Amino acid sequence: MSYSNDKEYKRIVKEILRNSEFKKMYYIEHHGISRWEHLLKISYYSYKIAKKIKLDYVSVARGALLHDFYLDGDERSKKRKFLDTFSHPKKALKTSLDNFTLNEIEQNIIISHMYPIYPVIPKFKESILVDIVDKIIGGHEMLREYKCKFKYRFNYLFVLLMIFIIN
Ligand SMILES: [Fe+2]
Ligand SMILES: [Fe+2]
């Protein structure tokens, strides 16, 4: 599913995609891909579903696109990254409000997207939708990332073993 031919979607998210802070998402790694790609995926899937089931798809597209909009990346320690799992909705809402004017639904989508890990309840159907889409797609991305890491480690051990046997 590609957003690039969807004129209406592109019009809705234009302001966000053009923002210089948001463009930094392109260089931050997230679940083995760029955070930019993750955000666009969640936003576009949620937007398509919201349109079909007649929700506020404009707020869904915008809120979902900003749900992980925070600037911390690979420079963080493993411990910090882990702790951010529990606190990043707050950071994402702050970065979003520093850069854009958001309505109540968009703000709630961002702050509640990690419910119940982060204890803010989704107040709108739009927030519940983005929460579910993020958990499904994010879960799939994480699984793929760990599978790759496991495969890499296995290959590395195999090469070491071969060197040991040959010697
Ligand atoms: Fe998140
Ligand atoms: Fe996410």
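A: Helices (H or I, at least four residues) and strands (E, at least two) are DSSP runs, numbered from the N terminus. Read along the sequence, the protein chain follows the pattern α-α-β-β-α-α-α-α-α, with seven helices and two strands in total. This is a predicted model, in which local features need pLDDT of at least 70 and side-chain atom pairs count only at pLDDT 80 or more, while totals for chains, interfaces and linings use all residues. Residues are numbered from 1 along each chain as its sequence is written, and chains are lettered from A and ligands numbered from 1 in the order in which they are written.

Q: What share of the protein chain is buried?
A: Buried residues make up 32% of the 167 residues. A residue is buried if 20 or more other C-beta atoms lie within 10 Å of its own, exposed if 12 or fewer, and partly exposed in between, with C-beta atoms placed from the backbone.

Q: And which residues have the most contacts inside the largest nonpolar core?
A: Those are Tyr47, Val60, Ala61, Ala64, Leu65 and Val130, in a core of 30 residues. A nonpolar core here is a set of buried Ala, Val, Leu, Ile, Met, Phe, Trp, Tyr and Cys residues joined through C-beta atoms within 7 Å.

Q: Which elements give two or more residues to this core?
A: They are α1 (7-18), α3 (35-52), α4 (57-65), α5 (78-99), α6 (104-111) and α7 (125-166). The largest share, seven residues, comes from α3. As background, nonpolar side chains in soluble globular proteins tend to be buried together.

Q: How many residues of α4 are buried?
A: Nine of its nine residues are buried, so α4 is mostly covered by the cut-off given above. The buried residues of α4 include Arg62 and Ser59 as well as Val58 and Gly63.

Q: Let's stay with Leu65 for a moment; what is it in contact with, leaving aside its neighbours within four places in sequence?
A: Leu65 is in contact with Val13, Ile16, Leu39, Leu40 and Ser43. Two residues are in contact if their C-beta atoms, placed from the backbone, lie within 7 Å.

Q: At what angle do α3 and α4 pack?
A: The angle is about 165°, and the axes of α3 and α4 are 8 Å apart. That makes α3 roughly antiparallel to α4. Axes are lines fitted to C-alpha atoms, for helices over the stretch in contact, and angles run from 0 to 180 degrees between N-to-C directions. Angles under 35 degrees count as roughly parallel, over 145 as roughly antiparallel, 65 to 115 as roughly perpendicular and the rest as oblique.

Q: Which residues meet there?
A: From α3 there are Leu39, Leu40, Ile42, Ser43, Ser46, Tyr47, Ala50 and Lys51, and they meet Tyr57, Val60, Ala61, Ala64 and Leu65 of α4. By class, the residues of this contact divide into ten nonpolar, two polar and one charged. Ala, Val, Leu, Ile, Met, Phe, Trp, Tyr, Cys and Pro count as nonpolar, Asp, Glu, Lys and Arg as charged, and the others, Gly among them, as polar.

Q: What about α5 and α6, how do they pack?
A: α5 and α6 pack at an angle of about 145°, with their axes 8 Å apart. Pro89, Lys90, Ala92, Leu93 and Ser96 of α5 make the contact with Gln107, Ile110 and Ile111 of α6, and these comprise five nonpolar, two polar and one charged residues.

Q: Switching to the backbone, where is the cis peptide bond?
A: A cis peptide bond joins Tyr115 and Pro116, with omega about 5°, and Pro116 is found in the loop between α6 and α7.

Q: Last one: how far apart are Asp6 and Tyr44?
A: Asp6 and Tyr44 are 38 residues apart in sequence and 9.7 Å apart in space, C-alpha to C-alpha. Asp6 is in the segment before α1.
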